Amino acid sequence: MMYRAGGFGSRNGRLKPWTMALLIVLLLTAVAVTIGLLAHFLVPGQRMEYYHGTFKILDVQINSDSGQNGKYQLKDLKEMSENLVDDTFIDSALKQHYIKNQVVRLTPEEDGVKADIIMVFQFPSAEQRAVRKKKIHSILNQKIRNTRALSINALSVQVNGCGKRAVPLVVNRIMSGDIAAKAAWPWQASLQRDNVHQCGATLISNTWLVTAAHCFKNNANPRQWTVSFGTTINPPLMKRNVKRIIVHERYHSPAREYDIAVVQFSPRVAFTDDVRRVCLPEASASFRPNSTVYITGFGALYYGGKSQNDLREARLKIISDDVCKQPQVYGSDIKFGMFCAGYLEGIYDACRGDSGGPLVIKDLKDTWYLVGIVSWGDNCGQRNRPGVYTMVAYYRHWIASKTGV
């Protein structure tokens, strides 16, 4: 409510008793509303959580001509789907926890259109995620079965605690060092010493990063390091101070074994579409040779070049140990906890400035896992000299012991 300056009250400047009473009531109401909002959004022990849901809108088609029967414009289906989810949770037992939703992808299929949505909630940290997921799935299913605006089938709801991107991956596109789209790789970070980019890193929680140990072989003083997020170094989306650097106890340069470190920063980040943690694989996880993986970084485009301001991405293949340990490749230089990725013919590879950055893989549920950490390689993009990566699964227990993640 707005008040005109100097125009409230009687002409002689004195407030009538009823006016004074009304003003007091309004002020108390405003204070109560403010306290209520603060209590809702600043409750200790509550945290933002992201859930990924999919449902199918039956018997509709996406078309630029919204006048045709049974065909909708993309923006109309997106708006209808988001409004449906809003209405579902605003009028439910979870209304106090529901924040917002966003349709991140609409996929045409033979019998309709599949919608992928990200739903944001704020829950007490004590409650188990499995219980929350079950509640969300039940409410969404019940509402969808009763809706009459569209014929809809609910497919699934899953916890979006890690490894989800708001920008869908175009899987048919060949990535060859292209500039990454905004929010495409929200776990990517830049480690900087004296505000100059040195290495990449990967966000694994709201306070921890994982990177390569060799990034700190010349300087491991946390007070001289900062970390930035976003798809450009300048300007950064946000910056944080490094609080602690933990290099693997058995890493000793110039040896390449145990090339892993974790970095704690402060203050913690709030997860958004642009900043989000990646999932870590289980210690028992293994990834087949020839699997498609993706590398991102701010590194140089050629050997001897300078780091880039824009984040770039490339699609690679995991190379089997049998191939990578051949004499004409790396031979006996490939030790435990290492693996190769790229192409024997070269071209697509990590380079200077990419060290410590992520090599990730996507599962069938569009969840991304950190497979490797950029470690070493001879030159950049040379024949029979693919990139060598620290195997994250091999060091999974070590990461947990240092970070609790």
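Is C279 buried or exposed? C279 is buried, with a relative accessible area of 3%; buried means under 20% relative accessible area with a 1.4 Å probe and protein chains only, exposed over 50%, and partly exposed in between.

## Basis

This is a predicted model, in which local features need pLDDT of at least 70 and side-chain atom pairs count only at pLDDT 80 or more, while totals for chains, interfaces and linings use all residues. Residues are numbered from 1 along each chain as its sequence is written, and side-chain values use heavy atoms, with hydrogens and water left out.

## Disulfides

The whole structure holds 3 disulfides, each a pair of cysteine sulfur atoms within 2.5 Å. In one of them, the sulfur atoms of C162 and C279 are 1.9 Å apart. The torsion about this S-S bond is about 95°, so the disulfide is right-handed. C162 is also buried, at 17% relative accessible area.

C199 and C215 are joined with an S to S distance of 2.1 Å, and the link is left-handed, with -105° about the S-S bond. Both of these cysteines are buried. C324 and C340 have their sulfur atoms 1.7 Å apart; their link is left-handed at -60°, and both residues are buried.

## Aromatic rings

Rings of Phe, Tyr and Trp (its six-membered ring) pair if their centres lie within 6.5 Å; planes under 30 degrees apart are stacked, over 60 edge-to-face, and the rest tilted. The count is 17 aromatic pairs. Among them, Y294 and W368 are edge-to-face, 5.5 Å centre to centre with 75° between the planes. Y294 and W368 are both buried. One aromatic cluster consists of F89, Y98, F121 and F123.
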